[in-house]
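This report is written for a reader meeting the structure for the first time. Please look over the sequence and the model before reading on.

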Amino acid sequence: MEPLFSKTWSGIAVPGWGWTGSERVAIAAAAREARGLASFRGVLPDEALHAVETIAREPATVDESMVRDVVGKIGLVRYVELVAVASIVIGIDTMTSLLGLGIETLPEPTGGAPVKNSRVRNLRPRKAWVPTTGLPLPRLALSAVPPVQELANQILDRLYMDPTNHAKWKQSAGSPRSRWKWW
Amino acid sequence: MEVVVVTVSHGNKCFYCTLGHLVALQMTANRKGFMVEPIAIVDPETDSGIPGGRELIALAQSAVSISPDPAPVARVAAVLGEEAAVTAAEVASAFMMINRIVEATGQPALTKQSERMQPALERLGAMDFPHSGLTTTLDKPGTLKRVASRLKA
């Protein structure tokens with residue numbers, strides 16, 4: 001688990017396509033503060049901070065007009081990156097809390113300006129509120145900014161799709177009656 | 001595993017993930033000829049029909065709470081073993097992330113799935129989730145399954 005966390009924190013601390021490393025770490029801190037886990041000491045635009053708080057506390061209350069408003073003010077790339085960072089930090093915090101490991105220290109940001117965006121092939125408005133490169137699937141929801149989609153997919157692959165997890169269940173779930181439940 | 005996903009997604013009021021994984025849970029049950037009772041997610045008096053179901057649901061509910069607690073993980077470990085408990089915690093954490101990504105980007109669920117599962121969704125109170133009306137149809141049947149397989153590969 002540690003290599004995954006370390007890779008993820010490093011991925012958050014570096015400048016992204018829309019935010020600096022400091023801003024990305026500030027987004028992570030703001031997500032934690034919204035869940036009462038830390039105090040936020042960073043500078044983010046008000047609309048970005050509001051979006052982070054809503055995603056962290058009550059994600060289902062995000063609606064299309066809010067997304068349009070925030071994207072109109074901070075831009076699509078920054079919004080997608082913000083969603084990724086806030087969601088990832090909550091996933092990791094949940095994991096470490098459930099395992100009794102406490103909350104990990106946020107990474108030191110890497111300096112530098114946001115990196116130049118590359119053109120994303122096949123990116124266009126489809127069925128979701130943000131443009132994507134394909135169908136409505138979580139694995140493509142952040143595809144407007146491939147580096148953060150990749151970061152989220154790595155976590156998903158390790159925590160949910162990892163075939164070794166399936167093997168673990170097969171070993172531990174006991175009787176044949178119980179096994180069907182998981183596959 | 002799917003009961004953990006459905007419980008976390010239900011706790012986060014993520015319609016897309018609640019629906020998709022409820023379908024997965026019931027398909028597995030149908031395929032294997034067992035009964036599963038998803039209402040156990042919201043009704044602690046009901047037996048889910050899943051070994052360790054009560055403990056798994058408690059773990060998932062703890063994940064959604066503001067202070068996730070290791071105690072339910074230990075209870076799953078006592079019933080299903082330590083590795084299963086860690087896996088359940090991992091899956092719950094993954095969906096704390098995925099639910100947020102889905103909800104904040106407005107991923108629509110499939111209209112046909114939603115219609116087919118409506119009775120179960122109503123019993124779970126999921127038709128009252130803010131995005132229960134956010135559904136779509138796909139142009140070509142089976143497209144989602146094919147793309148999902150390709151992405152997984």
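The model is a predicted one. In chain A the secondary structure comes to eight helices and zero strands, and buried residues make up 43% of the 183 residues of this chain. Among the contacts in chain A between residues at least 6 apart in sequence, 58% join residues at least 24 apart.

Helix α1 of chain A, which covers residues 2-13, has 12 residues and reaches 16 Å from its first C-alpha to its last, close to the 16 Å expected at 1.5 Å a residue. Within α1(A), Thr8(A), Gly11(A) and Ile12(A) are buried; seen down the helix axis, the buried residues of α1(A) fall within an arc of 95°, so they line one face of the helix. These buried residues of α1(A) pack against α2 (21-34), α5 (76-98) and α6 (146-161) of chain A, whereas on the other side of α1(A) the residues Glu2(A), Pro3(A), Ser6(A) and Ser10(A) are exposed.

The contact between the chains takes 52 residues from chain A and 49 residues from chain B. On the side of chain B that touches chain A, the elements that give two or more residues are α2 (15-32), α3 (53-64), α4 (70-80), α5 (82-105) and α8 (143-152) of chain B, and the largest share, 19 residues, comes from α5(B). The table gives the classes of residue on this side.

| Class, side of chain B that touches chain A | Residues |
|---|---|
| nonpolar | 29 residues |
| polar | 13 residues |

Definitions and conventions: Residues numbered from 1 in each chain as written. Chains lettered and ligands numbered in written order. Predicted model: local features only at pLDDT ≥ 70, side-chain atom pairs only at ≥ 80, totals over all residues. Helix = DSSP H or I, 4+ residues; strand = E, 2+ residues; numbered from the N terminus. Expected span 1.5 Å × (residues − 1). Buried ≥ 20, exposed ≤ 12 C-beta atoms within 10 Å, placed from the backbone. Arc of directions from axis to C-beta. Contact = placed C-beta atoms within 7 Å. Nonpolar A, V, L, I, M, F, W, Y, C, P; charged D, E, K, R; others polar.
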